[in-house]
Amino acid sequence: MMHSSHIVNLLMGPGDYYFCYGTGKVDKILNYEGPKTLLGDTVVDVSYAWKLSKPLPDWVRDPEVLKAAGNDAEGGTAHMMLVLTHNGWRDTQDMDH
């Protein structure tokens, strides 16, 4: 099973303003496609379920914060494309371009 984590961010308004309220971790791989070659790289498309690695902090449980977070406050589903590097599989969004 893939062991990965990502920062869970909450969109606070127009633009790219985020703040972190926890660290998510992959709970279950739902589906994957590949590996395949894309522009000379070996890639895999992965859909997964995630959940917070620790319970929500009390301040996140405020009704207005939860309303802004939607249904993804403590977990949800997501998608990522992984690319095979000399250091193993990496999320393409985490790579320097």
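Asp27 counts as partly exposed, at 37% relative accessibility (partly exposed lies between buried, under 20% relative accessible area, and exposed, over 50%, with a 1.4 Å probe and protein chains only). The structure is a predicted model: local features need pLDDT of at least 70, side-chain atom pairs count only at pLDDT 80 or more, and totals for chains, interfaces and linings use all residues. Residues are numbered from 1 along each chain as its sequence is written, and side-chain values use heavy atoms, with hydrogens and water left out.

**Overall fold**

- The chain has 1 helix and 5 strands (DSSP runs numbered from the N terminus: H or I of at least four residues for helices, E of at least two for strands).
- Read from the N terminus, the order of elements is β-β-β-α-β-β.
- The chain has 97 residues, and 26% of them count as buried.
- Among contacts in the chain with a separation of 6 or more, 49% join residues 24 or more positions apart (contact means heavy atoms within 4.5 Å).
- The accessible surface of the chain is about 7000 Å² (Shrake-Rupley method, 1.4 Å probe; for residues, only the protein chains shown count as cover).
- Carbon and sulfur atoms own 51% of that surface.

**Strand pairing**

- S3 and S4 run antiparallel and are joined by 9 bridges (two strands pair if DSSP finds at least two bridges between them).
- Val44 has Leu82 in S4 as its bridge partner.
- S4 and S5 also run antiparallel, with 4 bridges between them.
- Thr85 has Gly88 in S5 as its bridge partner.
- S4 and S5 make a hairpin, and 2 residues lie between the two strands.

**Salt bridges**

- The whole structure holds 3 salt bridges (a side-chain nitrogen of Lys or Arg within 4 Å of a carboxyl oxygen of Asp or Glu).
- One of them pairs Lys51 with Asp27, with 3.6 Å between the closest N and O atoms.
- Lys51 sits in strand S3 and Asp27 in strand S2 (residues 18-38), so this pair ties together parts 24 residues apart in sequence.
- Lys51 is partly exposed, because its relative accessibility is 37%.
- Glu33 and Lys36 form another salt bridge, with their closest N and O atoms 3.2 Å apart.
- Lys36 also bridges to Asp45, and here the closest N and O atoms are 3.3 Å apart.
- Glu33, Lys36 and Asp45 therefore form a linked network of salt bridges.
- Asp45 is buried, with a relative accessible area of 15%.

**Nonpolar core**

- The largest nonpolar core has 12 residues (a set of buried Ala, Val, Leu, Ile, Met, Phe, Trp, Tyr and Cys residues joined through side-chain atoms within 4.5 Å).
- Its members include Tyr21, Val26, Val44, Val46, Tyr48 and Trp50.
- Leu52, Leu56, Val60, Val65, Met80 and Leu82 belong to this core too.
- S2, S3 and strand S4 (75-85) each give at least two residues to this core.
- S3 supplies the largest share, with 5 residues.

**Val60, a core residue in a loop**

- Val60 is part of the largest nonpolar core, and its place is the loop between strand S3 (41-52) and helix H1 (63-69).
- Val60 counts as buried because its relative accessibility is 1%.
- Setting aside neighbours within four places in sequence, Val60 contacts Tyr21, Val65 and Leu66.
- Tyr21 and Val65 are also listed in the largest nonpolar core.
- Val60 and Glu74 are 14 residues apart along the chain, and their C-alpha atoms are separated by 10.0 Å.

**Asp91, a buried charge**

- Asp91 lies in strand S5 (residues 88-91).
- Asp91 is buried but has no salt bridge.
- Its nearest side chain of opposite charge is Arg90, 8.4 Å away (Lys and Arg count as positive, Asp and Glu as negative; His and the chain ends are not counted).
- Apart from residues up to four places away in sequence, Asp91 touches Met80, Met81 and Leu82.
- Met80 and Leu82 are members of the largest nonpolar core.
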